[in-house]
2 protein chains.
Amino acid sequence: MEPIAIGLLGLGTVGSGVVQIIENHQEKLMHQIGRPIQIKKVLVKDLKKERAVTIEPTLLTTNIEDIINSPEIDVVIEVMGGIEETKNSLIQALKNKKHVVTANKDLMALHGSELLSIAMENGCDLFYEASVAGGIPILRSLVDGLSSDHITKMMGIVNGTTNFILTKMSKQGSAYEDVLKEAQQLGYAEADPTSDVEGLDAARKMAILATLGFSMKIDLDDVKVQGITTITERDLQYAKQLGYTMKLIGIAQIEDDKVEVSVQPTLLAEAHPLSSVNDEYNAVYVYGEAVGETMFYGPGAGSLPTATSIVSDLVVVLKNMVLGVNGKSIISPQYEKKLKAPHEILSKYFLRFHVTDKVGVLANITAIFSERGVSFEKILQLPVKEKGLSEIVIVTHSTSLEDFEGILAQLEMLPSVHEIKSSYRVEGNGHS
Amino acid sequence: MEPIAIGLLGLGTVGSGVVQIIENHQEKLMHQIGRPIQIKKVLVKDLKKERAVTIEPTLLTTNIEDIINSPEIDVVIEVMGGIEETKNSLIQALKNKKHVVTANKDLMALHGSELLSIAMENGCDLFYEASVAGGIPILRSLVDGLSSDHITKMMGIVNGTTNFILTKMSKQGSAYEDVLKEAQQLGYAEADPTSDVEGLDAARKMAILATLGFSMKIDLDDVKVQGITTITERDLQYAKQLGYTMKLIGIAQIEDDKVEVSVQPTLLAEAHPLSSVNDEYNAVYVYGEAVGETMFYGPGAGSLPTATSIVSDLVVVLKNMVLGVNGKSIISPQYEKKLKAPHEILSKYFLRFHVTDKVGVLANITAIFSERGVSFEKILQLPVKEKGLSEIVIVTHSTSLEDFEGILAQLEMLPSVHEIKSSYRVEGNGHS
């Protein structure tokens, strides 16, 4: 029986995992597909480099043309990263009628719809399960398992690095910088952690999730992003005291056909299923009109977990090849994009700031909130060490982003407000 | 465009949900399938009964032949329950080339492989996502999302009634009988709760999960079952004190090609993801060789959640119809069934018993354990109110089921052992 031929672009952490799974699980894969899988060519930068997996040296190439233009290759697996050049190579592969499986979230968040159109035109499959939440089959669950439902909200812990850092900060009471160093030593954070800690990585994944979940082309620029670098131990102490867990949460929500998508540090009620997702784990919480609350939990990164998603995508491509139905499962977005304006984005907020400790200060402050019709769920006033200052912590009832930002601007102009220390979105109810 | 015609067997809680979702989400369904869906006939017992949904009276029938033998019907959705008669009707429908979607776990656990073979022979689809864990797309995740991995362990909270009862007992410190009454009043438990509280419902779901996850035909009789009716408040207090949560857990495990499947009250380490699955929610924890730990969480029952799974299955059937590939996704089990013998089933155990408070008693008891090479992780001895008795609580290190049952038998014969109060399987590590 003629094997199905795979070209692998990249042999780093994830690429090595793909090789391992295809080798180790050949029997199971064969049972499902009915034909063996053969890795035919592997693109590498350096032919001589030591590899985590043993691979026949004749399979290696430094020339991408040997894969994307090879008549022998049926499916291209892209695990090398990169955006513009990679996009052009994959377009070339699709035009050469090669199916594509990719783990590249940057590429899919920026150029996903263009690539999917080209795949469809060429009768090719293009799958990218591994691009969001590593080993968790979340994209397939949205597209197949929950296909009959109207999804109204998705909340994701979709970046393992930041979840590791926030978990350690909460549990150990350590400072951000110290935990970041620990994460870097353990390999959970990169030497340049910007993309993770500033929320950009999570934003890309949320753009992909929102596009699929709401069947609407959401661009990366539509995602409002705030990172975790300014979170302090004091914020975490208040979170705990009030019955919340601090998480970097991607939120995608639709109401009256209008969408909001954001990534931001969020105080999440302790009872929420996402609150117990710790360390480097990822999870995506999905709320559907009919199904209610569901959650998908698992490893968000790593060689073998990510490779599991890739090879599972490959299995679907290969089953489709056997049935002759490649390219038929791509569904274009159903709706035109409509984004919520800031006055339509509603949420509760946590706010911490320092004021000079004088008579009438609190009255001035509460007046600013009540002018905009924003009431408090909780308010705490505590002395701080610096003399003459008080710390005020407020959890608001639901308010619009526009009103909240207006309040922040007014507070900053108030002479009695010494410094706004932090503000976070709040989801759910903490302790009463 | 000609609509796709559905015959619905049953219009109870779940059947009404199916009607609602097909009506309310018609636009989304149409976008995915390209053809409208029409409910053509609905089997009911009583034509005059008031319904939760409004339905054209001419669509109702009390004669199943109007559906399973009707040349107009493309797909049969079975939500009426029943085993032997229902099986014969569905076989008839499949032979008439009708695709089948069912929520019937009893039927699938007992006759799933026979029905799937008949479906395959007739080029028909047979899907049953709703039969396990209601709205959670767990079967599809096992078959597609994790298809490339070797699954080694599944643990499920797959019965909402018992999870509701155990959650309330733990949180309120109430007795089993009281909470059962509360659950019955709230509609979470049936008037005759036997199938739920004795673990039979969960056993059916575990047989289905194990069959799919291990690609091996596991029969209902292969599942060792123990219910929750004898769990006491005292057991729950000890569980909490030792750092565990008591859950009714279905475990399916494979090692060296041999399988064990059981449903039993289990002390689960508090840090385990399943420990925070509360109330009537369900979750299935899946351990794969490559992917590691994943968990799928959501509603295990209810009209609309269960109907979501059914209509999502229907979407796949209809997509397959459009592509002409029905019946091609059924994969027969890959392996011959091999079950573990009791000496191969390894676990930690919790054991609580009363002894007469005399010199040398503990020495006799520990001798029984050490003869079989079973050591203790924890041992507590406490006085009890009845005079002259002590309560002993032991958590063992890993031991075989054979040894543990042997120890229980020997303890019962020991004159100083007054009564064995309870014993449970233990998963993971509690407090140190």
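The exercises below, each with a worked solution, concern aromatic rings, charges over rings and backbone angles in a predicted model.

**Exercise 1. Classify the ring pair formed by A:Phe296 and B:Phe296, and say where the two residues lie.**

Solution. Over all chains, the count of aromatic pairs comes to 13. For A:Phe296 and B:Phe296, the ring centres are 6.1 Å apart and the planes stand at 80 degrees. Centres within 6.5 Å make a pair, and planes over 60 degrees apart count as edge-to-face, so the pair is edge-to-face. As for location, this pair crosses between chains, with A:Phe296 in strand S12 (residues 292-299) of chain A and B:Phe296 in strand S12 (residues 292-299) of chain B. Both A:Phe296 and B:Phe296 are buried.

**Exercise 2. Classify the ring pair of B:Phe369 and B:Phe376, then decide whether B:Phe369 is buried or exposed and assign B:Phe376 by its relative accessible area.**

Solution. The ring centres of B:Phe369 and B:Phe376 lie 4.8 Å apart, and because their planes are at 80 degrees, the pair is edge-to-face. For the accessibility step, buried means under 20% and exposed means over 50%, with partly exposed in between. B:Phe369, at 1% relative accessibility, therefore counts as buried, whereas B:Phe376, with a relative accessible area of 22%, is partly exposed.

**Exercise 3. Describe the phi angle, the location and the accessibility of A:Ser215 and of B:Asp256.**

Solution. As background, most residues other than glycine have a negative phi. A:Ser215, a residue other than glycine, has a positive phi near 50 degrees, and its place is the loop between helix H10 (200-214) and strand S8 (223-225) of chain A. Because its relative accessible area is 16%, A:Ser215 is buried. B:Asp256 is not a glycine either, yet its phi is positive, at about 50 degrees. B:Asp256 belongs to the loop between strand S9 (244-255) and strand S10 (258-269) of chain B, and at 73% relative accessibility B:Asp256 counts as exposed.

Terms used
Residues are numbered from 1 along each chain as its sequence is written. Chains are lettered from A and ligands numbered from 1 in the order in which they are written. This is a predicted model: local features need pLDDT of at least 70, side-chain atom pairs count only at pLDDT 80 or more; totals for chains, interfaces and linings use all residues. Side-chain values use heavy atoms; hydrogens and water are left out. Rings of Phe, Tyr and Trp (its six-membered ring) pair if their centres lie within 6.5 Å; planes under 30 degrees apart count as stacked, over 60 as edge-to-face and the rest as tilted. Helices (H or I, at least four residues) and strands (E, at least two) are DSSP runs, numbered from the N terminus. Buried means under 20% relative accessible area, exposed over 50%, partly exposed in between (1.4 Å probe, protein chains only).
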